[in-house]
Amino acid sequence: LSFIALQLPMLSFSIFLLTTYVASRDPTLDEDLVAGDLTGPATRTLGRMTLDAVETVTPTFKAVMRAIISGDELIDMKSVNRELMNENDDLRMEIARKEAIEDLKKHYTVKQLKEIAKRDGLKVSGNKFELMMRLLENDSIPLQSPVKN
């Protein structure tokens, strides 16, 4: 029994060394091969087998990960994902507002913006940019510039 226990690690180590040697060779450079050397074709075969194994194991790996994650953790992860998606949407909207301000600022005076803010019950203080951002956030003015005829 002790002989077998000693031989298994030796066998595993030998296979590891052989695999490392074969895998470290460049399969596209066969000119340095000696007659009868099979490491080039063996490397290509090992590569194909590895790719096949990865494709075969991927669905199993996903199933195992789903089994490891408990239902509560999955719900928490979905909740965090939803929060991040909402945060991304908010950031996109803020970028759209800032871009709209660049286009809209020539169409409104500060006096007009303060009148719109007062009409909608919003704070009327601040510079033109702050007023426009407040009005855009409240949908008091459109994101697109008004059409002039």
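This is a predicted model: local features need pLDDT of at least 70, side-chain atom pairs count only at pLDDT 80 or more; totals for chains, interfaces and linings use all residues.
**Stop 1: S140**

Select S140. You will find S140 in the segment after α5, the helix spanning 128-137. Is S140 buried or exposed? Its relative accessible area is 14%, under the 20% cut-off, so S140 counts as buried.

Now show the side chains around S140. Which side chains make polar contacts with that of S140? One is D120, at 2.4 Å. Another is N138, where a polar contact of 3.0 Å joins the two side chains.

What remains is I116, R119, D120, L122 and L135. Keep D120 and R119 displayed; both return at the next stop.

**Stop 2: R119 and D120**

Select R119 and D120 together. They form a salt bridge, with the closest N and O atoms 3.1 Å apart.

Colour by accessibility. R119 has a relative accessible area of 58%, over the 50% cut-off, so R119 is exposed. D120 sits at 31% and counts as partly exposed.

**Stop 3: D139**

Go back to the segment after α5 and select D139. Check its backbone torsions. Most residues other than glycine have a negative phi.

Then look at the accessibility of D139. The relative value is 67%, over 50%, so D139 counts as exposed. S140, by contrast, is buried at 14%.

**Stop 4**

How many salt bridges does the model hold? The count comes to five.

For another, select E102 and K105. Their side chains meet in a salt bridge, 3.1 Å from N to O. E102 is partly exposed, with a relative accessible area of 49%. K105 is also partly exposed, at 37%.

**Stop 5: D103 and K106**

Finish with D103 and K106. The side chains of this pair meet in a salt bridge too, at 3.5 Å from N to O. Which category does each partner fall into? K106 is exposed, at 61% relative accessibility. D103, at 32%, counts as partly exposed.

Key
Residues are numbered from 1 along each chain as its sequence is written. Side-chain values use heavy atoms; hydrogens and water are left out. Helices (H or I, at least four residues) and strands (E, at least two) are DSSP runs, numbered from the N terminus. Buried means under 20% relative accessible area, exposed over 50%, partly exposed in between (1.4 Å probe, protein chains only). A polar contact is a pair of N or O atoms within 3.5 Å; within protein, one must be able to donate a hydrogen and the other to accept it, and residues adjacent in sequence count only if both atoms are side-chain atoms. Contact means heavy atoms within 4.5 Å. A salt bridge is a side-chain nitrogen of Lys or Arg within 4 Å of a carboxyl oxygen of Asp or Glu. Lists of a residue's contacts leave out its neighbours within four places in sequence.
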